[in-house]
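Biologist: I am new to this model. Please take me through its side-chain contacts.

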Amino acid sequence: MFLYNLTLQRATGISFAIHGNFSGTKQQEIVVSRGKILELLRPDPNTGKVHTLLTVEVFGVIRSLMAFRLTGGTKDYIVVGSDSGRIVILEYQPSKNMFEKIHQETFGKSGCRRIVPGQFLAVDPKGRAVMISAIEKQKLVYILNRDAAARLTISSPLEAHKANTLVYHVVGVDVGFENPMFACLEMDYEEADNDPTGEAAANTQQTLTFYELDLGLNHVVRKYSEPLEEHGNFLITGEIHSIKTAKELESMEFYSMSEERELKDDNLDSVLVCWSIVVFFKVENPGDRVVPGGSDGPSGVLICSENYITYKNFGDQPDIRCPIPRRRNDLDDPERGMIFVCSATHKTKSMFFFLAQTEQGDIFKITLETDEDMVTEIRLKYFDTVPVAAAMCVLKTGFLFVASEFGNQTLTEIADLANEDTPQLYVACGRGPRSSLRVLRHGLEVSEMAVSELPGNPNAVWTVRRHIEDEFDAYIIVSFVNATLVLSIGETVEEVTDSGFLGTTPTLSCSLLGDDALVQVYPDGIRHIRADKRVNEWKTPGKKTIVKCAVNQRQVVIALTGGELVYFEMDPSGQLNEYTERKEMSADVVCMSLANVPPGEQRSRFLAVGLVDNTVRIISLDPSDCLQPLSMQALPAQPESLCIVEMGGTEKQDELGERGSIGFLYLNIGLQNGVLLRTVLDPVTGDLSDTRTRYLGSRPVKLFRVRMQGQEAVLAMSSRSWLSYSYQSRFHLTPLSYETLEFASGFASEQCPEGIVAISTNTLRILALEKLGAVFNQVAFPLQYTPRKFVIHPESNNLIIIETDHNAYTEATKAQRKQQMAEEMVEAAGEDERELAAEMAAAFLNENLPESIFGAPKAGNGQWASVIRVMNPIQGNTLDLVQLEQNEAAFSVAVCRFSNTGDDWYVLVGVAKDLILNPRSVAGGFVYTYKLVNNGEKLEFLHKTPVEEVPAAIAPFQGRVLIGVGKLLRVYDLGKKKLLRKCENKHIANYISGIQTIGHRVIVSDVQESFIWVRYKRNENQLIIFADDTYPRWVTTASLLDYDTVAGADKFGNICVVRLPPNTNDEVDEDPTGNKALWDRGLLNGASQKAEVIMNYHVGETVLSLQKTTLIPGGSESLVYTTLSGGIGILVPFTSHEDHDFFQHVEMHLRSEHPPLCGRDHLSFRSYYFPVKNVIDGDLCEQFNSMEPNKQKNVSEELDRTPPEVSKKLEDIRTRYAF
């Protein structure tokens, strides 16, 4: 079995965010890292939306990210620290829309290691040096400069190593143009290591250490070191750029702006708790202006530790200390300290401040008061509350970009519950009170801007501008069976009668002609309306009428009954002139299309005509061979519509500095049988080649040209509407998640610069598509706690979800705590303040802060809260909600029938009592049994069964139920008062994390020891282990592929497929003779039969669910996985050896020709834990399309193909299984 890996939705969790002018223009951009992906975003200051310019997979783990700019430069570079053992400097090239690797310096081994640098990066604020540091011991400093050709140069590394030292963070200090200085939070553990009593470890102090890079002597010295009283381990600096505009602080507006997709992060709950932050910066006197190189006030250090924030500086500056504000009447554990977790700096010529966020999500604005050169006080002012962030950036435009750190768990089920023809993905994601159940459908999200009823059923709609220079459309023209309605677009859309259009006839087409004239084509003729409202008419000869037409800015072509073509072209005076000859076609014309006139040319050279005889002809409009046929393509069915567009172009600037895009011409052909063909049209000869086909729906396909992100795109309408567009150098054909439309046209207005106006039955709709590039559109329904698992009730299709949060209160405990605190407030007050205190207590009880914004109170370790929810997935309404008691944590759920109770459905929930995670202890567990009543809408409590460990897995099995209790595998049956234990197996190694069943076989996933195959013998009532795996795997999820094969994923981000060999015998006995001694029976040698590994693959993100399914109707089966950071991908099997061979070679060539951006070796990344086996990485293969054309040519020649053939193969395998 050979598989091909494809990503459907990239990870959404952000781990780092930096901002700067990466494209060298005035616009500020943001670069974010999402684990193994680098993404460049550009916020639009006018609309507040964030556009993605570029997304690149780097096939490595991004550990740190920094922006820097050389002194006096205008462009920011990106420094990346990754697991490749190399420092990489990237530059964004806007003309090619790609990151270019400028420098790659190797300094150590690959992998995330303790003493290999890459974990911390710090940049000198003047852009002269960069320090890259490891967690332990090693630090390297690189000097950055420019050569005579103004190219960036990098020196060889200077070492600043110190053994037995742990580093918590590193940062560059602003010292003007003195020698660059870096500050570190360090801890020396040498004494603690050598002292067996443990006293030294208890007394270890953290130090703040300054390293100076002496540019004259070219080496790094430890300048100064000072022990700190408080303990800290996280440190953030102000990135200081010389910012040109001086905005006064009071007049600065902030908009809290999340990215369009929800920003989530994959920081697990197990990340080290960040105890403190150190913010380094330069304080400026408000009166001073910054003079480059001059002294602009005291440079110093602001250290945020637990509960306090402290300002330090050399010399006689005293330490200034300020407590971190806490919320009044907080329900949190009162013993808990408060820390800052994240900060952002803003500096202009006239002011300096930064924002710091506490772990509750409150952001404070910190400013420093200075007197002469001394800092006198620190001021903290509450600013806003947003979800806890992994990174914040303050942009010059006044935007605050917040990348929230969200454990975006995704647990999926793929099913067609809504009875649509395509499956939906039901995904549980998020963390705590911000979690949600999302329904993902393949398609683009459509925002409805306006819907208005029309007096009848129209058959077509167009929009036109008044003048070629106009930014927005002026008229919407709606054609009915016997009339034409003209609507003018302004503040409102209203009917006008003085537009010059003929209203008493249906319209075939209309367009802007020349600079400021309009043309209307109707069955009896052509109406040319000049800007001064003069009208020229051309009438059809005799009894003939116009059947089809094609128009653009300078040309009109019409087809008369009988297949006669008449061609008009506009002359320089703005008059429409008919070409002398007419062209008789061999059959009736059913559709035609003209391309837009290319910039700087007089006409479009090609006319495409579709005929009744199932052919498409390309006809020349060049004066030298006007109306001569150039090429022809036979079609499998009759064409319904044609559309020539220029797509996939990269922006180029010509000699005059005019921006235009040079792309390829594509002829899109919509057939009557619901198929869309896309063919490349040769711009010189007019030949048609490289046809791609795609089935869109059951109705004939109509095509319309629209604009998306400044480029041409095609809207194709069948029983669903689809958009074909080019995005980040790849073609996308995505359905719209919207009802069926009949006719459409592009639409541009102030509110909606790139919209679509469409008709559906008797309504006119204005639509906008904003999230281009997204494969799924999502509907989210909020949940109360973090969702852990969910199951589908097969009869009603309702979902039963268990939600559990650690460190949380249940609603009942919360109310009780509030009551208690209110009573304490009244008791604590004196006699004369009683009334006031009573009022405050009442206000406190009535105040209800939404937890999804302000966060849930932290209850402390070992406190759990859980609910069981029954939800209708189509409406998203909760049908039933069962609150469990405080400290009962639900971990598993199953819906099943028992053989002794007929047709009733039961829900079993496994619950742990008083579980403490570290050091682990548990007071026992329960299995709650509920009966589903009211057609699966209500849970009726039957009984609870006590068990001795955590029941972490439940699965129905042959009319009974299998439950994994800790490491015991048991079969239970339903009794009157509790579940009755029937059978158990004690030989599983550690802890059962999942159970799959098929026939008599049970496949158990152990938390550390991979899979164990168990056979249930009914006659002896025994569960017998007959096979296991040879590798240890920390299994998170598993899915059965067939009777012998199981796919699994582990918490380190690997996916494997394991199969039992064909000669496996599951009729083994548990040693009937008894002659094996007791000690031989142990776990050491495991089972007698071993499974074989079919495939191994490292995804690079923890996989939380796997499912075998078909994603498109009539498609083949694939294995879908979802990850902790919000990614969705599939593994698809190859059906032929030729395909596998071809893709293997593509992958091999790309590994050498197009190595990953951050310097990690692709093969070793995909083999991080186990050597990659039998999987080809489609994400790497698809980078073929973004390679430079000459490299594409070299690779495809090696494969005996042409570049279009290679990209066609890449597109085909994607559309065969997915989207």
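Modeller: We will go through salt bridges, ring contacts and cysteines in turn.
Modeller: This is a predicted model, where local features need pLDDT of at least 70 and side-chain atom pairs count only at pLDDT 80 or more, while totals for chains, interfaces and linings use all residues. Residues are numbered from 1 along each chain as its sequence is written, and side-chain values use heavy atoms, with hydrogens and water left out.

Biologist: How do I read a salt bridge, and how many salt bridges does the search find?

Modeller: Side chains of opposite charge can pair when their charged atoms come close. The rule asks for a side-chain nitrogen of Lys or Arg within 4 Å of a carboxyl oxygen of Asp or Glu. Searching the whole structure gives 64 salt bridges. One of them joins E136 to R114, with the closest N and O atoms 2.7 Å apart. E136 lies in the loop between β11 (129-133) and β12 (139-146), and R114 in the loop between β9 (98-106) and β10 (120-123), so the pair ties together parts 22 residues apart in sequence. Strands here are DSSP runs (E, at least two residues), as are helices (H or I, at least four), numbered from the N terminus.

Biologist: Is E136 buried or exposed?

Modeller: Buried means under 20% relative accessible area, exposed over 50%, and partly exposed in between (1.4 Å probe, protein chains only). E136 has 8% relative accessibility and counts as buried. R114 is exposed, at 55%.

Biologist: Which residue forms a salt bridge with D880?

Modeller: K938 does, with the closest N and O atoms 3.3 Å apart. K938 is in strand β70 (residues 938-947) and D880 in strand β66 (residues 878-883), so this pair links distant parts of the chain, 58 residues apart. K938 is partly exposed at 37%, and D880 is buried at 9%.

Biologist: Which residues share salt-bridge partners in one network?

Modeller: Start with R970 and E948, whose closest N and O atoms are 2.6 Å apart. R970 sits in strand β73 (residues 968-974), and E948 in the loop between β70 and β71 (951-957). R970 is buried at 1%, whereas E948 is partly exposed at 45%. Shared partners join E948, R970, R981, E984 and K986 into one network.

Biologist: Now the rings. How many aromatic pairs are there?

Modeller: Rings of Phe, Tyr and Trp (its six-membered ring) pair if their centres lie within 6.5 Å; planes under 30 degrees apart are stacked, over 60 edge-to-face, and the rest tilted. That rule gives 29 aromatic pairs. Among them, Y4 and F1143 form a tilted pair, 4.9 Å centre to centre with 50° between the planes. Y4 is in strand β1 (residues 3-9) and F1143 in helix α6 (residues 1137-1153), so the pair ties together parts 1139 residues apart in sequence. Y4 is buried at 0%, and F1143 is buried at 1%. One aromatic cluster holds W1034, F1052, F1165, Y1168 and Y1169.

Biologist: Over which ring does the charged end of K944 sit?

Modeller: A charge sits over a ring if NZ of Lys or CZ of Arg is within 6 Å of the ring centre and within 35 degrees of the ring normal. K944 sits over F926, 4.1 Å from the ring centre. K818 sits over F844, 5.6 Å from the ring centre.

Biologist: How many disulfides does the search find?

Modeller: A disulfide is a covalent bond between the sulfur atoms of two cysteines. The cut-off is a pair of cysteine sulfur atoms within 2.5 Å. The search finds 0 disulfides. For C983, the closest cysteine sulfur is in C896, 17 Å away and too far for a bond. For C1158, the closest is in C112, 12 Å away and also too far for a bond. C983 is buried at 8%, and C1158 is buried at 1%.
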